[in-house]
Amino acid sequence: MNDYQKELILIVDDIPNNLKVLFDILNNSGFKVSIAKSGESALQKAQETLPNLILLDVMMPGIDGFETCRRLKNNPKTKDIPVIFMTALSETVEKVKGLHLGAVDYITKPIEHEEVLARINVHLELRRMQLKLVQEEKMSSLGQLVAGIAHEINNPVSFISGNLIYAQKYIENFLKLLQLYEKYTPDTIQEVQEFSKFIELDFIKEDLPKLLSSMIVGSKRIQEIVRSLRIFSRLDEAEIKEVDLHTGIDSTLMILHSRLRATQERPAIEVIKEYGEIIPIECYAGQMNQVFMNLLSNAIDAIDEKINNVQLPKIKKTGLDKLTYLPTQFPTPNSILPKSEIEFTPQIKIRTELIKDQKIILIQISDNGVGMPREVQQRIFEQFFTTKDVGKGTGLGLAIAHQIIIEKHRGTLEVKSVSGHGSQFIITIPICRIED
């Protein structure tokens, strides 16, 4: 089991012997363990570390377990963490009180080794099932949304696009006819001459073909977006299908185009594609595209966060000023930026490669954003763990991506990052057949 896959359990108890017993049980079972000796300390640690589950003693000095649980459930950042009470109290009224406050279970003291592990594993598995349900509901909702948008947009746009071709021919013929009139009847009546000047006929003859060309380009652009939406969700294809992963990446970039463009705070994010010669593989195409969406969205967020957190010159509305420069290559931990930093070009690099001897496809998505400290990297794929502000992140995106790659495609998903320098996510997908 990799470090980032170990689940973190927070034990809250004021009795050292209880802490030691629980720590030994959980640590020997492969869990990461954090300890708090009071309710106040537990609230702080839960907020900072976002454990996967909390074992909470009821009787403690200061704020007791009931009040601690109430505050945990009132905090948007910790409200979804399962809480199991530990108590010697056997009264049903006390247990009902704890369940009403949001606890999911009780463990009765003295602690029994097998009972503790059984109850913890049950509720962690429930959380994992919750993650799967969220993922399935998210993909289902996304598919329905895209289907509706694609259908509603595609028909009128196809109608407009098809008729623009005829409109262009008609207008070309009208302009040729007008040219013939001007050639063979140079002496037009006064009223026609005045009206021609009033509507700026010379300008119209020059601008109208350009206008139509722009409209045709625009309609084709909308058709490309609709096609990208359909490719992204794979609405009209079987769940498992042989696909070109480059097509999925490109469709995802098309959908994220508006987020990659320049803003008042930064220049446009440059996307560097280093596509190798890969082969189509059998995969859950829609879910793979969801992985690309999560990783690329996080890369954009990391770049924006870097620019917002560091005092760098802002891009002007009318200018093309660049921000402080960072290396385009993924840095090593020993990388040192020059003291006189001049420019920053926000970049996302996507590299793919077919490794024939290992029979895998390698995909690397790198950014030069804010990066992550080691402690965040160790937990980045845990469900419900997020470093984003409340309302901006659910802690599901990377956990879902990890599950799709590991469980659905028997691949790997790893992260390398240097705080302040950027991050790189590395995906490997075996090219062998996937069974339902």
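The side chains of Asp105 and Arg119 meet in a salt bridge, 3.0 Å from N to O. Asp105 lies in strand S5 and Arg119 in helix H5, so this pair ties together parts 14 residues apart in sequence. Asp105 is buried, at 17% relative accessible area. Arg119 counts as partly exposed, at 28% relative accessibility.

This is a predicted model: local features need pLDDT of at least 70, side-chain atom pairs count only at pLDDT 80 or more, and totals for chains, interfaces and linings use all residues. Residues are numbered from 1 along each chain as its sequence is written, and side-chain values use heavy atoms, with hydrogens and water left out.

A salt bridge is a side-chain nitrogen of Lys or Arg within 4 Å of a carboxyl oxygen of Asp or Glu. Buried means under 20% relative accessible area, exposed over 50%, and partly exposed in between (1.4 Å probe, protein chains only). Helices (H or I, at least four residues) and strands (E, at least two) are DSSP runs, numbered from the N terminus.

**Salt bridges**

Side chains of opposite charge can pair when their charged atoms come close. A search of the whole structure finds 16 salt bridges. Three of them are set out here.

| Pair | Closest N to O distance |
|---|---|
| Asp13 and Lys109 | 3.2 Å |
| Arg259 and Asp301 | 2.6 Å |

Asp13 forms a salt bridge with Lys109. This pair links distant parts of the chain, 96 residues apart. Asp13 sits in the loop between strand S1 (8–12) and H1; Lys109 sits in the loop between S5 and H5. Both Asp13 and Lys109 are buried.

Arg259 pairs with Asp301. Arg259 lies in helix H9 (residues 257–260) and Asp301 in helix H10 (residues 285–309), so the bridge ties together parts 42 residues apart in sequence. Arg259 is partly exposed, at 29% relative accessibility. Asp301 is also partly exposed, at 23%. Elsewhere, salt bridges that share partners join Asp13, Asp57 and Lys109 into one network.

**Backbone features**

A cis peptide bond joins Lys109 and Pro110, with omega about 0°. Pro110 is placed in the loop between strand S5 (105–108) and H5.

Two residues other than glycine have positive phi values. Phi of Leu50 is near 45°. Leu50 is in the loop between H2 and strand S3 (53–57). Its relative accessible area is 6%, so Leu50 is buried. Phi of Glu200 is near 55°. Glu200 is in the loop between helix H6 (190–198) and helix H7 (201–233). At 51% relative accessibility, Glu200 counts as exposed.

Two packed helices are described by the angle between their axes and the distance between the axes. Axes are lines fitted to C-alpha atoms, for helices over the stretch in contact, and angles run from 0 to 180 degrees between N-to-C directions.

The axes of helix H2 (residues 39–49) and helix H3 (residues 65–74) come within 9 Å and cross at roughly 20°. That makes H2 roughly parallel to H3. Angles under 35 degrees count as roughly parallel, over 145 as roughly antiparallel, 65 to 115 as roughly perpendicular and the rest as oblique. The crossing of H2 and H3 is right-handed. A crossing is right-handed if the near helix is turned clockwise from the far one by less than a right angle, and left-handed if anticlockwise.

The axes of helix H8 (residues 245–255) and H10 also come within 9 Å, crossing at roughly 45°. H8 is therefore oblique to H10. H8 passes H10 in a right-handed crossing.

Ile165, Tyr166, Tyr170, Phe174, Leu177, Leu180, Tyr181 and Tyr184 form a nonpolar patch on the surface, with about 950 Å² of accessible area together. Patches are made of residues with over 30% relative accessible area and no salt bridge: like charges are joined within 9 Å, nonpolar side chains (Val, Leu, Ile, Met, Phe, Trp, Tyr) within 5 Å. Accessible areas come from the Shrake-Rupley method with a 1.4 Å probe; for residues, only the protein chains shown count as cover. Ile165 is found in helix H5 (residues 113–184). At 45% relative accessibility, Ile165 counts as partly exposed.

Pro16 lies in helix H1 (residues 16–28). Pro16 is exposed, with a relative accessible area of 60%. Pro16 and Lys37 are 21 residues apart in sequence and 8.3 Å apart in space, C-alpha to C-alpha.
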